[in-house]
Amino acid sequence: PLFDLAWRILADPEVILRELVPTNPASRGEYLRFLMQRRKLTEPDEVWQEVRSNHGRDALNLGYAYVDALVASGMGAEAAKVWEGLLADTGRAGAKPAGELLTNGNFEAGLPNVGLDWRLVPGAGYEIGLDDSVVQAGAHSLRVTFDGASNVDFAGVQQTVPVEPNHEYRFHAYLKTENITTDNGDWTRDN
């Protein structure tokens with residue numbers, strides 16, 4: 001309620017942050033949550049930098065939620081910036097090589113299921129996991145095993161990649177199938 005009242009009266013994010021929000025990590029984190037809930041996403045970068053400096057698990061989880069909120073608001077460039085900071089903070093900066101848009105394209109950094117990394121969507125008829133027996137390069141690949149009980153409309157592996165409008169991008173992947181039959185054959189879908 002204090003943050004809401006401050007925004008109604010002052011509407012100045014810098015004054016609110018400096019004069020009303022206590023400087024402890026928990027209060028700064030709550031303020032960042034407030035800004036995300038109210039969709040005031042042009043304001044929280046300074047708050048995020050303070051929360052981020054805490055380096056705790058709660059700060060990381062809040063950072064992942066912040067990335068999701070930025071993506072949901074169409075703020076891809078801002079989400080990418082926060083994401084790269086989170087990768088650095090967690091020692092996973094190598095998961096997104098310089099010049100690449102995709103994070104963890106070779107699956108070598110695990111399947112964290114957060115931020116702008118691979119998201120796994122559970123569903124009936126399939127299982128998803130890492131495979132270290134069949135690889136194209138490195139030590140892992142992604143394995144999707146279908147139980148064969150139905151013709152699954154599979155969208156269980158996803159990644160949001162911020163891009164610029166009116167630019168061309170090239171995506172390439174290596175795909176190996178074994179004992180797959182479907183009504184439509186193998187194909188990928190752009191979203």
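Modeller: We'll take one arginine, then some aromatic pairs. Keep in mind that this is a predicted model.

Colleague: Where does Arg92 lie?

Modeller: Arg92 is in the loop between helix 6 (76-89) and strand 1 (119-120).

Colleague: Is Arg92 buried or exposed?

Modeller: Buried. The cut-off is under 20% relative accessible area. Arg92 has 17% relative accessibility, so it counts as buried.

Colleague: What does the side chain of Arg92 make a polar contact with?

Modeller: The side chain of Asp117, at 2.5 Å. The Arg92 side chain also reaches the backbone oxygen of Ala109, at 3.3 Å. Other residues that Arg92 touches include Trp83, Leu87 and Pro112.

Colleague: On to the rings. How many aromatic pairs does the structure hold?

Modeller: Nine. One of them is Tyr64 with Trp83: the ring centres are 6.2 Å apart and the planes are at 50 degrees, so this pair is tilted. Tyr64 lies in helix 5 and Trp83 in helix 6, so the pair ties together parts 19 residues apart in sequence. Both Tyr64 and Trp83 are buried.

Colleague: And how do Tyr126 and Phe154 pair up?

Modeller: Edge-to-face, with 4.7 Å centre to centre and 90 degrees between the planes. Tyr126 counts as buried because its relative accessibility is 14%. Phe154 is at 26%, so it counts as partly exposed.

Colleague: Which residues form one aromatic cluster?

Modeller: Phe3, Tyr31 and Phe34.

Colleague: Last one. What lies over the face of Trp7?

Modeller: Lys40, at 4.3 Å from the ring centre.

Note on methods. Residues numbered from 1 in each chain as written. Predicted model: local features only at pLDDT ≥ 70, side-chain atom pairs only at ≥ 80, totals over all residues. Heavy atoms only, no water. Helix = DSSP H or I, 4+ residues; strand = E, 2+ residues; numbered from the N terminus. Buried < 20%, exposed > 50% of the residue type's maximum accessible area, 1.4 Å probe, protein only. Polar contact = N/O pair within 3.5 Å; in protein donor to acceptor, adjacent residues only side chain to side chain. Contact = heavy atoms within 4.5 Å. Phe/Tyr/Trp six-rings, centres within 6.5 Å; stacked < 30°, edge-to-face > 60°. Lys NZ or Arg CZ within 6 Å of the ring centre and 35° of its normal. Lists of a residue's contacts leave out its neighbours within four places in sequence.
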